[in-house]
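Hi there,

Here is the model I promised to pass on.

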Amino acid sequence: MEVFDGGGGAGGANNWRSQIREEIRESRISVLSEVLMQVLSPDEPETLTDLLSVAVRLESMIFVVAVNEVDYNYKLYKRMDHLEDILSDNHFEDISSDDHFEDISSDDHFEDIPSDDQMFGPSTATLLRGIFSDRQSQSIQVQSNLQRVLSSGNTKATVPIGNEEKPCCDDNDRISVLHESILHYIMSFMPAQDVVHTSMLFRRSHPLWTSAPCLDIDIDHFDMDRVKFNKFAKGLFEGLFEWRGDANTLDTLHLHSFAIDAAKYWINDAINVHKVKSIDFTENTRWEAFYLDPKAINFRSLYLRSMKLTNVIIVTSVFDELSRECPSLENLQLANSTLCCPEISSSSLETLEISSSSLKTLEIINCLVLNHLLIRTRKLVSLCFKDTRCRCTPKYIVRTTSAVILCDLSNAKSIELQAPVRHVAFDRMASRRLMFISLTSLILGEWCLSNKCAPLACFLKHSPMLENLDLKLKFDCEEQKQPLRTAEGISFQAERLKKITIHCAEKEDRLPVLKAILLANARSVKHINVKTYS
């Protein structure tokens with residue numbers, strides 16, 4: 001195993017932590033809890049979430065990330081300032097359903113119905129036309145067309161029988177004639193509460209929403225009213241269990257929540273009762289990260305294929321279940337989240353391991369990684385690990401990842417490693433086996449220039465099929481900048497390399513040396529593209 005130092009050291013000893021008394025930390029937690037309560041508004045029931053637990057996790061995270069006691073206090077107060085800024089805004093910047101659908105009844109949304117529509121009749125044709133319009137206006141168009149069908153009184157849906165057309169429903173029912181699969185497709189573009197309301201219009205032996213393969217439950221559609229949202233979502237999942245049981249699988253669950261602990265039980269029901277295939281869960285990004293409690297959520301599933309998690313805290317045991325107990329999982333995206341061991345304050349020398357045998361796409365975007373990260377996924381085709389956040393912004397708690405260890409990525413065709421890291425280790429480099437034999441596209445960040453471009457040279461050495469190379473040189477402060485003064489002693493081969501692009505600041509002083517290194521070793525490349533940041 002070869003290890004390369006990517007710079008960005010810890011910056012100081014850790015003994016300062018042992019000198020902070022527990023009562024001081026408890027007082028900080030108490031203040032954080034009070035600020036969090038004010039953000040949620042004292043008029044709302046605070047029983048929807050355990051604010052003390054949120055405050056404890058937040059303080060522990062800052063305690064681990066801080067480099068000394070001064071930095072610890074600074075990060076705490078900056079975080080509280082950010083929360084108070086949210087409070088002064090007096091609202092969250094999410095789009096409410098009322099804003100999105102305010103003109104839904106306008107005649108401008110309706111289309112003229114051609115007289116020669118066949119089979120389903122003009123009412124049904126209008127519904128279907130709404131489905132295939134451009135993606136941005138699909139939801140509005142479908143709901144508009146539904147309103148028109150239900151309000152029209154001069155059109156009757158018919159089906160052909162012999163040489164005649166017979167009415168399939170009475171004068172007051174225009175859409176029950178549609179096949180259930182068509183209705184489900186229409187509903188897939190609608191928020192869950194609209195799906196429930198619309199289902200009441202269909203004559204079926206069971207409420208149609210209980211068999212809908214896709215559910216979009218979003219607090220934005222409730223004007224960020226946590227009480228109403230919690231009541232609706234709780235009733236929805238209870239109704240699903242009553243009518244549906246575990247007979248049918250749920251294809252997709254989109255769940256956007258905000259400071260509601262019960263969301264973990266809804267996720268668990270979707271995975272274990274309704275056998276969901278795809279989950280997209282987002283905790284409101286202006287609130288603190290949602291803790292995916294492994295004691296409340298069982299991630300073992302034979303059906304789960306795709307998972308997207310935004311603004312969550314995900315611990316080792318969850319990774320273990322996703323890696324070993326989800327044989328169908330192919331896509332995993334983690335965004336704006338915290339990856340850590342069960343105890344946030346545990347040593348960063350412990351390792352988080354992603355070792356799925358089925359995973360094909362892995363994206364870790366703008367995440368705080370508190371421990372070493374080992375990626376061992378032999379079927380992986382695309383890997384993205386990047387952090388585009390400004391590390392000086394108080395809104396974010398950031399720390400350079402201690403180490404990233406890459407193992408058995410022989411099937412990977414695209415790799416992007418743009419996040420700041422201190423060390424990168426490549427397994428099996430000592431053997432004759434090339435590790436990245438399928439790699440054709442590679443994007444690396446500032447860290448790859450450390451140790452006289454040793455990480456870059458190692459990647460190119462073990463990527464015989466590489467065609468496109470992007471280097472994104474960006475740093476928030478001079479301490480993160482990797483020195484590069486001479487091209488002497490730097491050599492590698494890249495016979496198939498066709499295109500090199502360097503992204504850098506307009507006055508990047510290392511550019512001439514870097515271009516000389518690349519042109520001298522990648523002889524198949526005659527020109528290097530340079531793109532400057534605005």
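The protein chain has 13 helices and 23 strands, where helices (H or I, at least four residues) and strands (E, at least two) are DSSP runs numbered from the N terminus. Please keep in mind that this is a predicted model, so local features need pLDDT of at least 70 and side-chain atom pairs count only at pLDDT 80 or more, while totals for chains, interfaces and linings use all residues. Residues are numbered from 1 along each chain as its sequence is written, and side-chain values use heavy atoms, with hydrogens and water left out.

Of the 534 residues in the protein chain, 52% are buried; buried means under 20% relative accessible area, exposed over 50%, and partly exposed in between (1.4 Å probe, protein chains only). The accessible surface is about 25400 Å², and carbon and sulfur atoms account for 48% of that (Shrake-Rupley method, 1.4 Å probe; for residues, only the protein chains shown count as cover). Taking contacts between residues at least 6 apart in sequence, 72% join residues at least 24 apart, with contact meaning heavy atoms within 4.5 Å.

Seven of the seven residues in β17 (residues 401-407) are buried, so the strand is largely enclosed by the rest of the structure. Strand β15 (residues 372-376) runs parallel to β17 and is joined to it by four bridges, with I375 opposite L406. β17 also pairs with strand β19 (residues 421-426), again in the parallel sense, over five bridges, and here T401 stands opposite V421. Two strands count as paired if DSSP finds at least two bridges between them.

Next, a loop residue. L439 lies between β19 and β20 (441-444), and it counts as buried because its relative accessibility is 0%. L439 and I415 are 24 residues apart in sequence, yet their C-alpha atoms are 7.6 Å apart in space. Beyond its neighbours within four places in sequence, L439 has contacts that include I415, F459, M465 and L466.

Finally, helix α13 (residues 511-521). Its buried residues are L511, V513, L514, I517, L518 and N521. Seen down the axis of α13, they fall within an arc of 170° (taken from the directions from the helix axis to the C-beta atoms), so they line one face of the helix. The cover over these buried residues includes α12 (450-461), β21 (468-472), β22 (499-504) and β23 (528-532).

Best wishes
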